[in-house]
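Please walk me through this structure, going from strand pairing to the sheet and then to the chain as a whole.

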There are 2 protein chains.
Amino acid sequence: MSLLVVGTMAFDAIETPFGKSDRIIGGAATYIALSASNFITPIKQISIVGGDFPQAELDFLASRGVELEGVEVKKDQKSFFWSGKYHLDMNERDTLDTQLNVLADFKPVVPESYQDCEFVMLGNLVPAIQHSVLKQMKTRPKLVVMDTMNFWMETAMPDLKEVLKHVDVLLINDSEARQLSAEYSLVKAAKAILKMGPKYLVVKKGEHGALLFHGDQVFVAPALPLEDIFDPTGAGDTFAGGFMGHISRTKDISFNNMKTAIIVGSAMASFCVEKFGTTRLKEISKEQINDRIQQFVELVNFDISLV
Amino acid sequence: MSLLVVGTMAFDAIETPFGKSDRIIGGAATYIALSASNFITPIKQISIVGGDFPQAELDFLASRGVELEGVEVKKDQKSFFWSGKYHLDMNERDTLDTQLNVLADFKPVVPESYQDCEFVMLGNLVPAIQHSVLKQMKTRPKLVVMDTMNFWMETAMPDLKEVLKHVDVLLINDSEARQLSAEYSLVKAAKAILKMGPKYLVVKKGEHGALLFHGDQVFVAPALPLEDIFDPTGAGDTFAGGFMGHISRTKDISFNNMKTAIIVGSAMASFCVEKFGTTRLKEISKEQINDRIQQFVELVNFDISLV
C-alpha cells in the first residue's frame with residue numbers, strides 16, 4: 001500500500017542571487033521522499049549513494065518513515081554531484097558541474113519487500129533506468145508518475161518515448177513540454193503528449209504555478225507569491241513528493257483528487273524554496289503544511305455569484 | 001453613474017507568428033470601451049482621432065452605448081498609429097513604428113455631461129494628460145483605475161509618480177511593476193507600489209494570469225489556457241475594460257468584488273486574443289461571456305476537503 005520512489009540521492013552546490021551553498025544534500029529522490037513522508041509512510045526508496053553520503057542523512061530519512069533497503073551504498077565511490085547557478089529569473093539555471101560518480105553504472109534492483117507498492121514515483125533519471133524499475137514490478141502499480149528533463153530528450157528520446165507508454169502521469173516543466181511535443185502552445189503540447197502514453201500531464205511553471213491536463217479538462221494551480229525565492233533547487237521534486245504523497249494517502253486517482261494533489265504539491269514546493277537545499281523541508285510541521293494549503297484556497301477563490 | 005474612459009483611439013499594424021494585419025482599428029480606449037460596454041452603459045469616452053478614423057467605427061461604438069462627446073475629431077490630421085511585432089513568447093513585443101499624429105497635442109476636455117461619472121478608467125497615455133482629466137473632475141470619483149507603461153517610466157517618471165498619488169487601482173504588467181518599484185520580486189514590488197498612492201495593484205502576466213495585491217492580501221487569477229494566442233494586442237486594455245465594466249455595474253469596490261472583476265477581465269482578454277485586433281470583441285455575445293466566466297470557476301476550483 002506504500003509509495004515506491006526511485007531517483008538520485010546526491011550532493012548539490014548551489015548559487016542563487018541570495019547566496020551560495022557548499023556541498024549540501026540533494027537529489028530528486030531525497031526531496032521527493034522528504035516531501036511525501038508528510039502524507040504517507042512507509043516510502044520505499046530506490047537509489048544509489050557513495051561512501052561519502054552521510055549516515056546521519058540516511059538515519060534522518062529512516063526516522064521519517066523512508067525505507068532504505070533499495071538504496072545501494074558503494075562505500076569506495078562518490079555520490080552523484082551537481083552544481084548550478086540561478087539568476088534573478090529562477091525559472092532558468094546554468095549547470096556548472098555534473099559528476100555522475102556512482103550514478104554511472106546504477107542498475108537498480110527492486111527488493112521483494114517493495115513489490116506491494118501500488119504507487120510509483122519515477123524521479124528524474126536515465127529513462128532506461130526508470131523503465132527497468134517498472135519492468136521489475138510483478139503487479140502493474142495503480143499509478144505510475146514520472147518526471148524527466150530536457151537532457152534525456154536530447155540524448156535518449158527513443159528510450160524516453162518507450163517508458164512514457166507505461167506511465168500514467170507525466171510531470172515536467174513548460175520548456176520541457178514544448179521540447180517533448182515540438183509545440184509552443186502548452187495546450188497543443190499537452191494534446192501531443194497525452195497521445196504518447198500518459199493520461200495526465202502536469203506542467204510545472206515555477207513561480208507561475210502549474211497546469212493539469214487530462215482529456216479536454218484543464219486545471220490551473222497558482223504558485224504562492226513569495227517575497228523571495230531563496231533557492232528553487234528541488235522545488236519540482238518537492239512538488240512531485242507532495243502530489244504523490246497526497247494521492248498515495250487517499251488512494252484516489254480521479255481527476256478531482258489530482259487537482260487537490262497539485263495544490264498539496266504547490267504548497268510543499270512553496271516551503272522548499274524558502275531556504276537553501278532541504279533545510280526548510282526538514283523543519284516544517286504538519287500544522288504549517290495545513291495552514292499553507294488553506295492559503296491556496298484564499299489565493300484562488302472568487303465569488304462567481306457577483307458576476 | 002457611468003464609466004469615464006480616457007485613452008487612445010488609433011490604428012495598429014500587427015505582426016504575430018500567426019499572420020500580419022493591415023492598418024486596423026486599435027487604441028487603448030477602443031478596447032476598453034468595447035470590453036466594458038458588455039457590462040455597463042453609457043461609457044463616456046475621452047479621446048482624439050484624425051479625419052482618417054472611420055465614421056463606421058464611431059457609429060459602432062455609439063451603438064454599443066459609448067458616448068463620443070469627449071472624442072475630438074481633427075479632420076485635417078491623422079490618427080495615432082502604432083505598429084508592432086510579436087514573437088512566439090507573446091509577453092514580449094517589438095515596436096516597429098509609432099506616429100503620434102493627433103496625439104502630439106492632445107489636451108482632453110472633460111465635457112460637463114461627463115461630470116456624473118463615479119468610475120474613471122485612465123487608459124495608457126502621457127501621465128500628465130491622465131492627470132489633467134482627473135483634475136477636471138469636480139467630484140472625486142468613487143474609483144480611479146489607471147494603466148501605464150514602461151515608456152512613461154523612462155521619460156516621465158515624476159509626472160507618473162504625481163498622478164499615481166490620486167489613483168486607487170494601478171493596472172500594469174509584471175515587467176512594468178518591476179521597473180516602477182526597482183524590485184524583482186513581485187511581492188516586494190507590490191509593497192513598494194502600494195506606498196506610491198494606489199490601494200490596489202493588479203499585475204498582468206499575460207498567459208500566466210494576473211495578481212491582485214491589497215495590503216497583505218493577494219489573489220491569483222489564471223489566464224485561460226488557449227491553443228493559440230492569435231494576437232495579444234489590446235488584451236491588457238480588454239482586461240481593464242472587463243475589470244472596470246464589472247465594478248461600474250456592481251458599484252462594489254471591495255477586495256472581494258475586485259477578485260471577481262479580475263476574473264471578468266481575464267475572461268474578456270481571453271476572447272480578445274483569439275482573432276486579430278478588435279474582431280473577436282465585436283462579435284461575442286453576453287451568453288458566450290457568461291460561459292467563459294464559468295470556465296474560470298472550473299479552471300481553479302479544487303476540493304480542499306480531500307486534503
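In this predicted model, strand 12 (residues 200-204) and strand 13 (residues 210-214) of chain B run antiparallel and are joined by four bridges. Within this pairing, Phe213(B) of strand 13 of chain B has Leu201(B) opposite. Strands of a sheet pair through backbone hydrogen bonds, and the pairing is either parallel or antiparallel.

Both strands belong to an open sheet of nine strands in chain B, in the order 6-5-1-9-10-11-12-13-14, and its pairing is mixed. Strand 6 (66-74) and strand 14 (217-221) of chain B are the edges, each pairing on one side only. On average, and with direction ignored, neighbouring strands of this sheet are turned by 15 degrees against each other. Helix 1 (residues 28-36) of chain B packs on the sheet. This helix touches strand 1 (3-6), strand 5 (43-50), strand 6, strand 9 (119-122) and strand 10 (143-147) of chain B. The direction of helix 1 makes about 155 degrees with that of strand 1 of chain B.

Chain A can be described as a whole. Chain A contains eleven helices and 14 strands. The radius of gyration of chain A is 18 Å, close to the 19 Å that the globule rule gives for 307 residues, so chain A is as compact as a globular protein of that length. Along the principal axes, the C-alpha atoms of chain A fill a box of roughly 65 × 40 × 35 Å. Of the 307 residues in chain A, 50% count as buried. Among contacts in chain A between residues at least 6 apart in sequence, 69% join residues at least 24 apart.

Definitions and conventions
Residues numbered from 1 in each chain as written. Chains lettered and ligands numbered in written order. Predicted model: local features only at pLDDT ≥ 70, side-chain atom pairs only at ≥ 80, totals over all residues. Helix = DSSP H or I, 4+ residues; strand = E, 2+ residues; numbered from the N terminus. Rg over C-alpha atoms; globule rule 2.2 N^0.38 Å. Buried ≥ 20, exposed ≤ 12 C-beta atoms within 10 Å, placed from the backbone. Contact = placed C-beta atoms within 7 Å. Pairing = 2+ DSSP bridges. Axes fitted to C-alpha atoms, helices over the stretch in contact; angles between N-to-C directions.
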